[in-house]
Amino acid sequence: MRKIILTPIVFFLFLGLLAQTKKQSLESKINKVTVFLEGSQVERTAKSVLIAGKQELVFSNISPDIDKQSIQLKAEGNLTVLSVIHQQNFLKEQVKQDEIKELEEKKEKLLADINKEKSLLLVYKQEETMMIKNQAIGGNNGIKATELRDAADFQRSRLTEIYMKQQEIEKGIKKAETELGKINLQLITLNQKSNLSTSEIIVTVQAKENTGASFNLTYLVKKSRWYPTYDIRVKDISNPINLQYKANVFQNSGEDWKDVKLFLSTGNPNEKGDKPLINPWYLRYQSYIQPVQMSNELNRQAGFLSGAVSGRIIDERGNPLSGASVVIKGTKSGTVTDANGNFRLQVVSPSNSIVVSSVGYDTMEFVGNKNNVVNVTMQQSSQSLSEVIVSAYGSRSLDADGYYDSQKTIKRKKEISAIETSIAYQPTTVIYEIKEPYTILNDGKTYTVDIDAFEITALYEYYAAPKLEPEVYLTAKIIDWQELNLQPGEANLFFEGTYLGQSFLEVINAGDTLNISLGKDKGVVVKRTLQKEYSTKRFMGSNKTDSRQYEIAVRNNKQQAISIIIEDQLPISPQKEIEVQEKKYDGAKLNE
C-alpha cells in the first residue's frame, strides 16, 4: 500500500516543479557606452541557451541609478519577451575597485608590521628593565677590578644597543602609522558613496523550443557626464596653431566600464525637448499687477535664475580686464567679460564655485555671495610674453567693417590624423566615436579622452585700447572654425613651450572669425597723451566751446614689423544743446 500511496505524491510534486517558472542568471558584459553632457547610455550584451517554456532571465550587477523608462531589450532567437522589470538589490553590493582592494591589503600588512614591531619593542624594554635591576654584582665577597670593568663595559654596551634598537623600532612604528593614516583617509574618500547597492533587470521570456538566444540591453545611467577642454599651442608667430580637443569623462554610476567602445555625444537627454510656446500678450490700461516674489528655495526648485552672478573683473591698478573667462567650475558653462570688465553668469545655485582666469594673471576661484554681485581683482602672473617675435604677413586690406580680409590671409592648413576618431552628425547633436577602447572606473575620477587634433593657420594680430589700459594684447584670428565642431570650454594656452594660463573658448556667440587672446606683450608700447585742451566762452549768451586733442603713439620694440589694431572713441552727444564738431581721426577709420 505504501508504494501505491507514494507514487501519486511524487508524481504531483514533479508536475508542480514543472509548472514553476525557471530562473536563470545571465552573465552580461558592457561593450558600448555613449556619454552625454549629462548622463550616459550603457549597452550590455549576453548569450544563453534556453529550454522550451517560460523562464526568468536576471541581468545582475546593474547600476542602481538608472532611468527605468530608458530600458530597452533586443532579443534574437525563437522566443518571445513577455516583460522587463527593474528592481534594487540591497543584499548584493557593488564590486570593490582594485584600488580599494590594494589599499585594504596594504593596510592589513601595515597593521601586522606595527603589531610585530610593538611586540619587539616590548621585549627590548623588558631587557632594559632587567639590566638595570641586576646592577649589584660580587655579593659580600667583592669583585676583582678587571671583572668589574668587564661587567661595566658589557652593561654599557648592551644598554646602548638596547636604546638604539628601541629608537629604531619607534621610528619605524611612527613612519608606518603615518602611512596607515594616509591609507585610511584615501579609503574614506573612495568609500564615501552613500549607495553601494546594485540593481537587477529581470526579463521574462517564453521559448517555443530549446534555442540559443542573444540579448542586447541598453539603459541610461545618471552620475556621469563629459565636458570639453582644449590645449592651444603656438610654437611661434610664424607657425600655425596646434589645437587639441579633449574630453573630460567621469562617472560614479555604480558599475565599471572596462575596455568599452566609447562614444561622446553633445546631446543632453535631461534637457527638455519641448519647443517654447508664446501665449497672448494682453495690454490693459492701468491693470499691471506686481508679480508675486518666490522664495529662494522655491526659485531653486523651479529652476529660476536666483543664482545669477554678476560683477566686474579688474587688475591690480583698478583697470578693467576685458576678455577674461568666468566659468562655473567643472562645467562648460561660462562667459567672458566685456570691454569694461563686466560679466553676468547664470548659475543653478549661488553656492556654485566660479573660476576666473585671464592670460597673464593667476586663476582665481570664488563663491557667489548673498547679493550675487562679485568684484574680483586679478593678480599679475609671473608668466609673460616678453619674448614674442611677430612676423609680418604682407599687405592686408580692410573690409567694410574695418577688419582685415581674412579670406586672403587665413587658410586652414590641415588636420592631424594621429587620433582615430569618427564623427557622426545627428539632426541636433554631434557624436564622436573613439576608436581606441577605454576603461573608465566607477570612482568619480576624471579621465581624459583625446577627441581630435588640428593644425590651423591663423592671423596673429596685436590689439590695444589705450583709453582703457596701456597694455597691448596678442590675438589669433581663426576662420572656418565651424568645421571643427567645437564646444564651449576651458582652454590651456601654451606659447613656445611655456604655459601661459587658462582662457575660455566662447564659440556660442562667435561670428565668422574666432578670436583667441594669447596674452600681453611688453615689447609693444602704446601711449595716449592729451596734447592740448582749451575752453572759450562768448560774451553774448552762455555758449561754451571745449576743444581737446589726443595723440596715440605706438613703439614697436621688436625686430620685425607687427600688425596692430588700436581702438579709441569720439564723444557722442545725447542732447541737442551739445554739439560735437570737427572730429578728426587722421589715419583711422570711423565706425559710426
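What percentage of the 592 residues in the chain do buried residues make up? Here are my notes, with the answer in the second point.

1. A word on the ground rules. This is a predicted model, in which local features need pLDDT of at least 70 and side-chain atom pairs count only at pLDDT 80 or more, while totals for chains, interfaces and linings use all residues. Residues are numbered from 1 along each chain as its sequence is written, and side-chain values use heavy atoms, with hydrogens and water left out.

2. The overall picture. Buried residues make up 38% of the 592 residues; buried means under 20% relative accessible area, exposed over 50%, and partly exposed in between (1.4 Å probe, protein chains only). The chain exposes about 37400 Å², and carbon and sulfur atoms supply 51% of that area. These areas come from the Shrake-Rupley method with a 1.4 Å probe, and for residues only the protein chains shown count as cover.

3. Secondary structure and contacts. You will find 5 helices and 30 strands, where helices (H or I, at least four residues) and strands (E, at least two) are DSSP runs numbered from the N terminus. Of the contacts in the chain with a separation of 6 or more, 72% are between residues 24 or more positions apart; contact means heavy atoms within 4.5 Å.

4. The aromatic pairs. Rings of Phe, Tyr and Trp (its six-membered ring) pair if their centres lie within 6.5 Å; planes under 30 degrees apart count as stacked, over 60 as edge-to-face and the rest as tilted. By this rule there are 4 aromatic pairs. The pair of Tyr 230 and Tyr 245 is stacked, because the ring centres are 5.0 Å apart and the planes stand at 20°. Tyr 230 belongs to strand β9 (residues 224-234) and Tyr 245 to strand β10 (residues 241-251), so this pair ties together parts that are 15 residues apart in sequence.

5. Tyr 230, Tyr 245 and Tyr 432 form one aromatic cluster. Tyr 230 is buried at 0% relative accessibility, Tyr 245 is buried at 1%, and Tyr 432 is buried at 2%.

6. Thr 266 sits in the loop between β11 (257-265) and α4 (296-302), and its relative accessible area of 13% makes it buried. Beyond its neighbours within four places in sequence, Thr 266 is in contact with residues including Leu 37, Trp 226 and Tyr 432. The Thr 266 side chain also reaches the backbone nitrogen of Val 430 at 2.8 Å.

7. Lys 467, in another loop. This residue lies between β23 (459-464) and β24 (472-479) and is partly exposed, at 45% relative accessibility. Not counting residues up to four places away in sequence, Lys 467 touches Arg 528, Asp 568 and Gln 569. A polar contact of 2.6 Å joins the side chains of Lys 467 and Gln 569; such a contact is a pair of N or O atoms within 3.5 Å, where within protein one must be able to donate a hydrogen and the other to accept it, and residues adjacent in sequence count only if both atoms are side-chain atoms.
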